[in-house]
Amino acid sequence: MAVPEKILREVDMLRREIEHHNRLYHSQDAPEIPDADFDALLRRLEELETKNELFDETSPSQRVGGEAVAGFTQVRHEIAMLSLSKVFDEADLQSFESRLKKRLETQTRIQYSCEPKVDGIAVSLLYKDGMLERAATRGDGVTGEDITHNVRMISSIPLQLKPQKKDTVIEIRGEIFLDKLGFKKLNETSEKEGGKIFVNPRNTAAGAIRQLDPRKSAKIPLRMYCYSIGLVEGIKLPKALSEIFALIEKWGLPVNPDRSVENGVDACLKYCLALLAKRNDLSYEIDGAVLKVDNVELQQQLGTNARSPRWAMAYKFPAEEQSTTVLDVEFQVGRTGTITPVARLEPVFVGGVTVSNTTLHNMDEIERLGVRIGDRVIVRRAGDVIPKVVKVIPHEGSKKIREKPISIPETCPACASAIEKDGDVLYRCSGGIICPAQRKESIKHFASRSAMDIEGLGHKLIELLVNKEVITSVAGIYTLTLEQLVGLERMGDKSAANLVAAIDKSKQTTLPRFLFALGIREVGEATALQLATHFGILESIIAADLTSLVKVPAVGPVMAEHIRVFFTNKNNVALIEQLQDSGVTWPIIEPSNDDLAKPLLGETYVLTGSLEQMPRSEAKAKLISLGAKVAGSVSKNTSCIVAGPGAGSKLTKAEELGIKILNEGEFIVLLDDLIT
């Protein structure tokens, strides 16, 4: 039986009206009707569709959620979803435009499309003939996960573009997020129902978009703003990104209302600063601004590097700050005996995490800040990672007396040994190896992979062995017996036997590894290698004076003094003898001053990205053994960079400076040629 025309018209009207209100509510924050009225429209539509069997997958009624999917299908992006390079200040922003002008060989001011950098989840929406066919996460930029079942639940994302066009393909890219109000209401509801409290909007959005059950995802009021276009077929787009935004907005897709077009980098900076000023007033979380060359032809001319487009840049805002109270200050003892003050804070949510403690670094920093226990302070998450006290909030009233000044303890909190001043800033425990704090950390360092590499001797087991006084120094490792280990908690016969075998295997080591394992102040893997190759035998290093030590590449007067102090300590030399008596040995290295044995002498290498076939420490050690200097940053003096997957700004700078670039495979071939 045919459906009456009157019903068809009402259904069509309801669908259009509901989508209209969806856009007003989710995209423009300007609802025209109360929630109850909206719910009534939706109920009427569902009633008519069910009664008259008018199912349409593009209908707004179909966003209520379907059955859970079994898992996520991998999706390969037709065009890679690249990440953005970042700048943090005006100087870097000016450098960005200078690079663009140099590549374009122009001095004309460049026009930019600017928008807030929404703190959300990057996704790709693929529309064919105007219909949403697939949605996928960014993933690693090349391969993501199919999340179509969840994206269909997001009211701000149209299931059908208007007008619908045949024989067309358009890929829309954007950021899915949870706004501040939605996050607040979600937690309020969850708390009333006795459910979990969500940590921050971004993580909540990320979890929602990856739900296997779309009904669960539908409970999270997710939104989206489009930020770019990927694959396009059968559609002629405007020549300016800003005009493309206007076009896709006409299609019914949500775009950021706070976007702008600015002429020149100075205008962009003003936009960024204005956006920063109203950051807290926005309805959604942002962590910066995104600046893109507006002219699409210029974008194509500028191209991309391995990781990011050259024509776009993220201007990152300073880390978020919050105020809290210093409840107490404790002093921790590090592996080398350094005494570090740690502030215990009234828990505060800042930069996406709850912070309850943070280092105060040293007594000079405490004095500089003027902080005391009980003060209100401002905490910043530096670089969005490390919480830091940046300022003390002045007390109200000039007569208010602050209590509990912070002072360094007279004795070590771990062993009660005297605390000594070390240089201008640091304090150290004088207990050395007898200090439980240093003992545990020294043994952990000694057994670590880059040192003696004792597999199975993990941190928890070391804590247990020291706490039970089974071992009191690193030499005690080599006296452990099968019987001692089997008697420990969670240590079976097989595990104990494997550990004894690993300890015995570690006795055959190398001099660089052994030197590094000793934990000499400031002597890392590279310096240990330099010492070993310079002197050849341990006895020569022990006997070396300051004049001899500073002749070693990369060993300056301060480091030489640390090395000399370590080996003039009779207890340390006795410990080394104990280790050698236990069977720890290594092959003798023939010292060589022949520059021909160091074909990379005078060259500077930089390692960047992830090395998948060779640990970075091994690559660094081999370069140093060949005479090269390994630097942490790229400059005009850099000879070559080795770029693995994920290489970012260092690779970009190397390309701009015309520096030689090797991938990991080419690097390994180079090493093979030079070492063999």
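**Ground rules**

Before I start: I call a residue buried at under 20% relative accessible area, exposed at over 50%, and partly exposed in between, using a 1.4 Å probe and protein chains only. I'm working on a predicted model, where local features need pLDDT of at least 70, side-chain atom pairs count only at pLDDT 80 or more, and totals for chains, interfaces and linings use all residues. Numbering runs from 1 along each chain as its sequence is written, and side-chain values use heavy atoms, with hydrogens and water left out.

**Confidence**

I looked up pLDDT, the predictor's confidence in each residue from 0 to 100. The protein chain averages 85, and 91% of the residues reach at least 70. Residues 64-70 fall below 50, yet that stretch has 18 contacts in the model beyond near neighbours in sequence; a contact here means heavy atoms within 4.5 Å. Residues 397-401 are also below 50, and they have one such contact.

**Helix H17**

My element names are DSSP runs numbered from the N terminus: helices are H or I of at least four residues, strands are E of at least two. Which residues of H17 are buried? I noted Thr527, Ala528, Leu529, Gln530, Leu531, Ala532 and Phe535. They pack against H16, H18, helix H19 (546-549), H20 and helix H22 (616-625). Just after H17, Gly536 takes a positive phi of about 85 degrees.

**Cores**

A nonpolar core is a set of buried Ala, Val, Leu, Ile, Met, Phe, Trp, Tyr and Cys residues joined through side-chain atoms within 4.5 Å. The largest one has 53 residues, and Ile454 and Phe567 have the most contacts inside it. Elements giving two or more residues to this core include helix H12 (436-447), helix H13 (459-467), helix H17 (525-535) and helix H20 (557-568). I then checked Ile454: leaving aside neighbours within four places in sequence, it contacts Ala447, Ile477, Tyr478, Leu499, Ala502, Ile503 and Ser506.

**Lys440**

Lys440 is in helix H12. Is this lysine buried or exposed? Lys440 is buried, because its relative accessible area is 17%. Not counting residues up to four places away in sequence, Lys440 touches Ile462, Glu463, Val466 and Asn467.

**Cys415**

Cys415 sits in the loop between strand S16 (386-392) and strand S17 (419-422). It counts as partly exposed, at 21% relative accessibility. Leaving aside neighbours within four places in sequence, I found Cys415 in contact with Cys429, Cys435 and Pro436. Cys415 and Ser430 are 15 residues apart in sequence, with their C-alphas 9.6 Å apart in space.

**Positive phi outside glycine**

Glu105 has phi near 55 degrees, a positive value in a non-glycine residue. Glu105 is in the loop between helix H3 (90-104) and strand S3 (111-118), and it is exposed, with a relative accessible area of 74%. Asp453 has a positive phi of about 55 degrees too, although it is not a glycine. Asp453 lies in the loop between H12 and H13 and is partly exposed at 39% relative accessibility.

**Strands**

I count two strands as paired if DSSP finds at least two bridges between them. Five strands make an open sheet of mixed pairing, in the order S2-S11-S10-S3-S9. Strand S10 (residues 286-293) and strand S11 (residues 312-316) run antiparallel, joined by five bridges; Lys292 has Ala312 of S11 as its bridge partner.

Strand S7 (residues 169-178) pairs with S8 over nine bridges, also in the antiparallel sense. Gly174 has Cys226 of S8 as its bridge partner. Strand S8 (residues 222-233) is mostly covered, with 10 of its 12 residues buried.

**Cavities**

Grid points are joined across faces, edges and corners, and a volume is the space filled by probe spheres set on the points. How many cavities of 30 Å³ or more does the whole structure hold? The search finds three. The largest cavity has a volume of about 60 Å³, and its lining includes Tyr127, Lys165, Ile170 and Trp251.

Conventions. On a 1 Å grid over the protein atoms alone, a cavity is a set of points where a 1.4 Å probe fits but cannot get out, and a pocket is an open set with protein on both sides within 12 Å along at least five of seven lines; lining residues have an atom within 4 Å of a point.
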